[in-house]
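Here are a few notes to read alongside the model.

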Amino acid sequence: MAFETLCTSRLRLEPWSANHTELLVQLASTPQVARYIGDGLPWPADRATALAQQLRQDWERHGFGWRAAVEIDSGRQIGLAALTFAGAGAGVDADEYELGWWLDPGFWGRGLAREGAAAVRDEAFSRLAAPSVLARIQPANRASLAVAAAIGLTHESDSVGRCGEPIAILRLTKRRWRTLRPDEI
């Protein structure tokens, strides 16, 4: 089954495939990226490779999932933007729609995470009719908190993640999404 690629002004967000495994291995092993994911430790290659396989299966099962972020100008894979179900042990209901984003540190500070996250947020509401989306972010991760705020998510509660780490739960409802200004969409 073929899934649609999302495009923004600077990114092509490709449904996860075997072509993106090395991207995940590279991102997950980068200390600056991994520090706010779970226990904060970089992942070994076999863990990232196993997750990459699962991500391809998630697309087949649900029709949505993680997307590789490819910079349009260079054609380089620079990160990911994700729309998934939160799953068991996430500190929220397992069937909640969750947004996430990881970006190569060389591309931080350019608004690319916001651009990718906004695109998958819009997909959740427009194509999947999600009632709301959330992001689970460690409170020390100020950059991701800023991305979440920029795309309309607001703090709802605090919880604990799968590795016992503190997380802030940020949410945007479909009703609120419909009221966002054009520069927020």
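**Notes on the model**

1. Let's start with a loop: Ala129 is found between α4 and β6. Its phi is near 55°, a positive value in a residue other than glycine. Helices (H or I, at least four residues) and strands (E, at least two) are DSSP runs, numbered from the N terminus.

2. A word on the basis of these notes. This is a predicted model, where local features need pLDDT of at least 70 and side-chain atom pairs count only at pLDDT 80 or more, while totals for chains, interfaces and linings use all residues. Residues are numbered from 1 along each chain as its sequence is written, and side-chain values use heavy atoms, with hydrogens and water left out.

3. Next, strand β6. Six of its six residues are buried, so β6 is largely enclosed by the rest of the structure; buried means under 20% relative accessible area, exposed over 50%, and partly exposed in between (1.4 Å probe, protein chains only). In a regular strand the side chains alternate between the two faces of the sheet. Here Ser132, Leu134 and Arg136 point one way, and Val133, Ala135 and Ile137 point the other way.

4. The partner to look at is β8. β6 and β8 pair in the antiparallel sense over six bridges (two strands pair if DSSP finds at least two bridges between them). Within β8, Leu172 stands opposite Val133.

5. Which residues of helix α5 are buried? In this helix, residues 142–150, they are Ser144, Val147 and Ala148. They cover an arc of only 100° around the axis, which puts them on the same side of α5; the arc is that of the directions from the helix axis to the C-beta atoms. An α-helix has 3.6 residues a turn, so residues three or four places apart point the same way. The face turned away from the buried side of α5 carries the exposed residues Arg142 and Ala143.

6. What do the buried residues of α5 pack against? They pack against β5 (97–103), α4 (112–126), β6 (132–137) and β8 (166–173), where contact means heavy atoms within 4.5 Å. After α5 comes Gly152, whose phi is positive, near 100°.

7. Thr8 sits in the loop between β1 (6–7) and β2 (11–15), and counts as buried at 18% relative accessibility. Not counting residues up to four places away in sequence, Thr8 touches Leu13, Ile72, Glu115 and Ala119.

8. On to the rings. A search of the whole structure finds eight aromatic pairs; rings of Phe, Tyr and Trp (its six-membered ring) pair if their centres lie within 6.5 Å, and planes under 30 degrees apart count as stacked, over 60 as edge-to-face and the rest as tilted. One of them is the tilted pair of Phe3 and Trp59, at 4.9 Å centre to centre and 50° between the planes. Phe3 lies in the segment before β1 and Trp59 in helix α3 (residues 45–62), so the pair ties together parts that are 56 residues apart in sequence. Phe3 is partly exposed, at 22% relative accessible area, whereas Trp59 is buried, at 1%.

9. The rings of Trp16 and Trp66 have centres 6.1 Å apart and planes at 85°, so this pair is edge-to-face. Ring pairs link Trp16, Trp43, Trp66 and Trp102 into a cluster. The charged end of Arg47 sits over the ring of Trp43, 3.8 Å from its centre (the criterion being NZ of Lys or CZ of Arg within 6 Å of the ring centre and within 35 degrees of the ring normal).
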